[in-house]
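Open the model in your viewer and keep the selection tool handy.

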Amino acid sequence: MKMKKIYIPVIIILLLFHCWCKKVPFYAGEGATLTISADHTQLKTGGDRTRLTIMGFDGQGQALHDHTRVVFSATLGTMAPTDVELMAGSGAAEFISGDRGGVAEIRARSGNIKAEPDPLQITIGAAALGSLSLSANPSRFDPGGGRSLIRAYAFDADGNLLEGIALALSSTSGYFENAAPLYTTNAEGMVEDFLHLTETATVKAASGEKNAEVEITVAAETENQLPQSEFSYSPAPPARGETVNFNGSLSSDPDGSIVSWQWDFGDGQMGAGERVTHVFTWDGNNTRTFTVLLRVTDNRNGVSVTGKSITVETEEENQRPTADFTYSPSSPLKKERIYFNGSLSWDADGTITSWQWDFGDGRKAEGQTTRHVYNWSNDEDRTFTVTLTATDDGGAEGVTTKTVTVRGLIVNSEFP
């Protein structure tokens, strides 16, 4: 019996020591306060997370004892972990959203002490939506309509863009390229699609009770006014084989724009474009006249045609010039200065541009007028053939020759 009395207290002491070593958690006592807060109070669905912080103080404002246990609960989503032990008066857990949207109510307590606020509310998914905005670019079309880029944005109550918000797009006319029953906002809080329409439409974006609208206007169809076809050309008049520049920019359309220019040059050749070039060619030397037509079409298929008669001149064959000259004195002497004058040369269809002289003694000269002295070693008379080559502005040459007899008698005279 004495041994039993000894063993029982020892066992109790050992159990108490074991519990102390394990630091068994306990709960907040009377007069304590707890507070709970979240880094983010608006989350997307599908596993979005936020950190929760719990703070605990006793009645004297001191941090609660280490290992004070706090238990969490949530009406939506999950807590990780579901309970924490405070250290230095604080602890942390994580709240994770699920696939359901709504407002999650999170409560925390330690014993009979509830954390404030009770509950802490976190909005998940569409429930976080504060407003929608909608835009269309362009929002106005000419008759016939077109393609407009539709963009919808989702915002929370503070004006922050929300990702993962499901919304629907609809229009009173036209069709969306993607035609999705539901769209989900991206990381920029936006969805977009192209709307094709031919008449005025009201476009709407809706998510839950939130919606936004934008109107796209298509102008009413009016009677098309025909364009005015007009053009210029240069050079005027053109010559056969010469490049002619045609300019259709003088054409205009009073209620739209010109979209095509079609040319008919009247010689079996065609062209296209606002500005074109063309070369007229044919056999024979006769001048010809061609009727050039310009057909313009506007953006509503209105057509206008204008024509002009263009006379294209044949380039005539260049006529050779006539070369002729005089010289004086008419009976020159050896060592006497002789003056040559080519001004009698002429050109029927242009002008003389150069005179080339060959004096028949190996000497040459240039110019309309020139001078020359013949000299040789004896007193015999000699005859020289003088040649004049006249060249006109077309490059044609005329050539003439004359024989000049020079007497060999030496006279007493000074020549400069």
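This is a predicted model: local features need pLDDT of at least 70, side-chain atom pairs count only at pLDDT 80 or more; totals for chains, interfaces and linings use all residues.

Select strand 22 (residues 258–264) and strand 25 (residues 288–298): they run antiparallel and are joined by six bridges. Strands here are DSSP runs of E with at least two residues, numbered from the N terminus, and two strands pair if DSSP finds at least two bridges between them.

Residues are numbered from 1 along each chain as its sequence is written, and side-chain values use heavy atoms, with hydrogens and water left out.

Now widen the selection to the open sheet of four strands, ordered 23-22-25-26 with antiparallel pairing. Strand 23 (270–272) and strand 26 (303–312) are at the edges with a single partner strand each, so one side of each has no neighbour in the sheet. On average, neighbouring strands of this sheet are turned by 20° against each other, direction ignored; the axes behind such angles are lines fitted to C-alpha atoms, and angles run from 0 to 180 degrees between N-to-C directions.

Next, go to strand 9 (residues 113–116). Which residues are on its covered face, and which on its uncovered one? I113 and A115 make up the covered face, K114 and E116 the uncovered one. In a regular strand, side chains alternate between the two faces of the sheet.

Strand 9 pairs with strand 1 (residues 33–38) in the parallel sense over two bridges; T35 has E116 as its bridge partner. Strand 8 (residues 102–110) runs antiparallel to strand 9, again joined by two bridges, and here R109 is partnered by K114. Strands 8 and 9 form a hairpin with two residues between them, and G111 in the turn has a positive phi of about 65°.

Step on to the peptide bond between E116 and P117: it is cis, with omega about 0°. P117 is in the loop between strand 9 and strand 10 (120–124). Another cis peptide bond joins S234 and P235, also with omega about 0°; look for P235 in the loop between strand 20 (232–234) and strand 21 (243–247).

A88, in the loop between strand 6 (83–86) and strand 7 (90–96), has a positive phi near 55° although it is not glycine. K335 sits in the loop between strand 27 (326–328) and strand 28 (337–341), with a positive phi near 70°. Most residues other than glycine have a negative phi, and most peptide bonds are trans.

Is T391 buried or exposed? T391 counts as buried because its relative accessibility is 14% (buried means under 20% relative accessible area, exposed over 50%, partly exposed in between, with a 1.4 Å probe and protein chains only). You will find T391 in strand 32 (residues 382–392).

For the last stop, show the largest pocket, which holds about 180 Å³ of space. A pocket is an open set of points on a 1 Å grid over the protein atoms alone where a 1.4 Å probe fits, with protein on both sides within 12 Å along at least five of seven lines; lining residues have an atom within 4 Å of a point. Of the 13 lining residues, Q42, L43, K44, D48 and L162 lie nearest the centre of the pocket.

Notes:
Grid points are joined across faces, edges and corners, and a volume is the space filled by probe spheres set on the points.
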